[in-house]
Amino acid sequence: MTCPAALGVLLAAGLLLGRPALAQTGPPLPARDLRVEDKPLDAGRALKISFRRAEGDIAGGASGVARYELRRMSPGDTGFVALRSFSPLEHTEAFGTDDVGLSPSRGYLYSVRTYQATGDYADTEPVGPVSPRRQWFYTNKVNTLVAVILFCGLVIAFIQAARRGRSLFIRRIAGLDAIDEAVGRCTEMGRPTLYIPGISTISDVATIASLNILGQVAKKIASYQARILVPNRDPIVYPVTQDVVKQGFLEAGYPDQYREEDVYYVTNDQFAYAAAVAGTMVREKPGANLLLGMFYAESLVLAETGASVGAIQIAGTDAISQLPFFVTACDYTIIGEELYAASSYISREPTLLGSLKGQDIYKLICIILIVLGVLAMTIGAIAQGEPFRWVNEMLRVRGTGG
Amino acid sequence: MDFDRLFQSMLRLDRRIVYSLIFIAVTFPFYIAWPPFNVEVSKEVRSTYDIIEAIPPNGQPLLISIDYDPASAAELSPMLVAALRHAFSRDIRVLVISLQTTGQGAGIATQIVPAVAAEYGKKQNVDWAFLGFQPNPIVAMMAMGEDMRRAFPRDYFDTRYEEIPLLAGVQNYSQIPAVLTLASTAVGESWAIYPGSRYGLTVLAGLTAVYVADIQPFYQSGQIRGIIGGLKGAAEYEKLLERPGDGTAGMRSQKVVHYTMIIFIVLGNIAYLWTRRRRIA
Amino acid sequence: MSSEVLWTLLAGFMTLAIFSFLYRDNPLYKIAEHLSVGVSIGFLVVTYYNNVFKPKVWETIFTHGQIDYLIPLALGLLLFTRFFPKVGWLSRWSLAFYIGGFSGLSIPSTLEGRVLQQTEGSIRSLYAEQAVGFWPTVLQSWDAIFLVVGTLACLVFFLFSVEHKGPVGKLAYFGRLCIMAGFGASFGYTVMARVSLLIGRIQFMTREFWEALRAAVS
Amino acid sequence: MKLQIPLLICAIAGIFMAVQYFIPAALPLYERVNDYLQIVFAFSIVLGVASVVHRHGGRLVRRKKDWVYSSLIIFGMLLMLLAGFIGGRGPGTLFQHLFNAVLLPVQATMFALLAFYMASAAFRSFRTRSLDATLLLVAAVFVMVGRLDDFKSLYIPDIARWILDGPNLVSKRAILLGVGLGMASTALKVVLGIERSYLGSGKE
């Protein structure tokens, strides 16, 4: 058979079998529209790369292209190095990836190679050199910055005002008043007080809030010369609770009453910790359980076991999912923000009270913003044209990244 | 009758009595088929069922990925059993994998899949196969999009891919009519994002009740074509199969526990109001 | 008897031991409690040694020569001064670094993630164009109004520097009622998930554990 | 000295972490500091272990009450350490088996106990004591019934849905917002050294 005849047969077969076979007969074609751009809002360590399929290649594959290979030449390289492959089987018209781990201000060249099943390939024209740039401000976080400056300003201003002797009113918080009563009754019964500073790390600010309360509670207990038990779940919180309780006993004038073995570390495992503390509750029979800080699902194990031994229970947390259980199983519950107000409330130190006032003012600002925003949205919705859409746009919070 | 004493003692009821009744309430529905539990089948479960129903018998296999560990087994295993029963009763072949990171999902597979297959006299490697587990779900999902063999060169029982008759025509997702992922973690989402969107695979998801809300947007956008949510979803599926199993039994338990608790609350309040009225009077 | 059977029996024993606490504290529970505490501490140490100490301290300093990691190494070692009462105060340097770092980070992140996002989320039009959910169309707007007023009332409940009486007191009380109803709802909503967990445990006992027990006996 | 240096360290670390939040280019430095924090945490575990050994080892040596159980903690810990450091952590090792057979069932069972505790807590304290307590109770009962899809003709599932999307959402929002403010202000006070009781000294 002569050559043209063979080709004719092949072509006919290709037509019969459909496009794939036909496409395989042609030479490989390069990918299209290779683009390399700086990835915005980063530390200059990444580039955004995108390209489109070669002509004739369709999404879902079956066109003779075996794979696309992204290749890069870094400064100092002598040639292109394969980075990663893209499959023509993917249901997408264009491919994209971020090339990360680059150095800022150095130039990188890119190219895409189209491979056929036969091993033949075609390259795009190299693009570049492009260098990643670092940015110095998250332009999508202006709102957050304004909020941080405004909030810090308010809090600091009111703390200064309080230092100058402005008297500040603070409303009653029942759960916090009850702490005194609980500790007192506990002492009368000759039972220890059990204090759980939450089960989270110090990276949860709730833990810090709890440690501030612990200082006041320890002082009070020391002044009654009673015992306080502090089982810890976090090994960083543990030394801090030791210092805080020790200081409380020192300030109350009974440093010798402080027992180091009563402030101890149990384990990091959530439920092993819960099992151990539940056991402690049953065996030591504390007169009062103070559960203050961050809690997870073990909250009800602790609260119900505590209730079963007849302890007065005061719980406080900002964990919304656990508050219903504390409200149900404990005598007093300190809800959310009240936990953070606690150390100011108990200590009555003017500097600390000042910050509460600052928080309140900020809260009022939020309330006003909500009212104004809702009005704007409503008028906009009724007027159809949404003339006040910008109000909501302005308040929008954007996450990190793009 | 002395209501005062009765209600007084009810207010001081030993908590262990409450515990025992809850224990009975949870356990008994698994042994006696009571109370009747009637569910309305949601459209998410219905579409899952319909998609599996439409897979041609003795053809390309339905892919089932066991992406949960024993902690979520109570909710997800009933779905696995129901889906297997559905497939086997219609002579649909089943290919099982597990993308649960610690490999405990594989343990679940070896317990449940052969047992259900035996109910229908289905043969391993012909009517079903279990390829084992891969600890890195996204990497495995992408690899399977190209070539299943690359992700699973040998099955769980160390048989080579090529020696499994079921897999003769299976190269990648193009030959898979649908995947059912049973997940308690973000793996369910990954199925929608990678094989679902990138390779156009039909993704069905069986999820724990807590996790359903997170994945609902994927259903609305069509990236997930069917959802079985929690024990209730399993019970709905069993209703469509007309074969009650652990899902239905579990929902009966739920029902008994819920109403037991409500009765406790109501009785407690009657006792409370009665004694309080006495005290005031 | 295979080792798998033994492990399953041990797991079943631990399960029963924990359940026995519902009746009362007892030696079985104490065994399970103390054993699991010990094992979990061992697990923690091994995990942190392999996942943090080895790659992030040992290898960065001695293999990759990143000298700046001597700073956290020093801070970590300073913690051990606590074992010597005279110099124990030095450990506060490490604690101050740890606490300061996380505190600083949480100022912008909580203001953005909690305060700003919730403020934005509360801003919705009161005018409902179409019916969604439970309320009939006419009442749709009432629902929207409820959401806004409820949010404001709950916020007022958390005001500390204003006495809760008069109109403020009424609004705060309404906020408190919303909070309580919300708590009740999430309590009721969680029952099902917890019962599922219990079913899971009971199934483990009646299936895997029972099988293992039978295998052990025969 | 004893107080000033820690306060300075705290302020520097805090201000850096707050400021870097707004600077993309600071990301590599942030990652470093994050590593440092993790490393400090890893070292603190030694303090925890020392506390455990001191507490339970002491009981064991002095044969105090419950010393047998204390010895179980030490035994479990040593066993796990030996298993992990000698046998490795892969599947099928003693380390994995101990984790699966001791720790997992305890975790799962403690978690499952909540089903019992929820029932007893509800029975004990869901009382029509006051209007807010009554609302708590009623909302819980409605949602419990609604979750089962019972009493559709009485619209109970719809009402339950509304309670979850209405009052529940509203209260969560307000709590989140308030907590955010409380957290930020507490954190600010720590960074500025106004709140320093964590250093074991409440007074300025």
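**The B–A interface and an enclosed cavity**

Chain B and chain A bury about 680 Å² between them, 44% of it on carbon and sulfur atoms; buried area is the accessible area (1.4 Å probe) lost by two parts on being put together, summed over both. B:Arg15, B:Arg198 and B:Tyr199 supply 63% of the area that chain B buries against chain A, more than any other three residues. This is a predicted model, in which local features need pLDDT of at least 70 and side-chain atom pairs pLDDT 80 or more, while totals for chains, interfaces and linings use all residues. Residues are numbered from 1 along each chain as its sequence is written, chains are lettered from A in the order in which they are written, and side-chain values use heavy atoms, without hydrogens and water.

Nine residues of chain B are in contact with seven of chain A (heavy atoms within 4.5 Å). Two salt bridges cross this interface (a side-chain nitrogen of Lys or Arg within 4 Å of a carboxyl oxygen of Asp or Glu). A:Glu304 and B:Arg15 are joined by a salt bridge at 3.1 Å, N to O.

Elsewhere, the whole structure holds one cavity of 30 Å³ or more. On a 1 Å grid over the protein atoms alone, a cavity is a set of points where a 1.4 Å probe fits but cannot get out, and lining residues have an atom within 4 Å of a point. Points are joined across faces, edges and corners, and the volume is the space filled by probe spheres set on them. The lining consists of A:Ala209, A:Asn212, A:Tyr340, A:Ser343, A:Ser344, D:Thr186, D:Lys189 and D:Glu195.

Technical notes. On a 1 Å grid over the protein atoms alone, a cavity is a set of points where a 1.4 Å probe fits but cannot get out, and a pocket is an open set with protein on both sides within 12 Å along at least five of seven lines; lining residues have an atom within 4 Å of a point.
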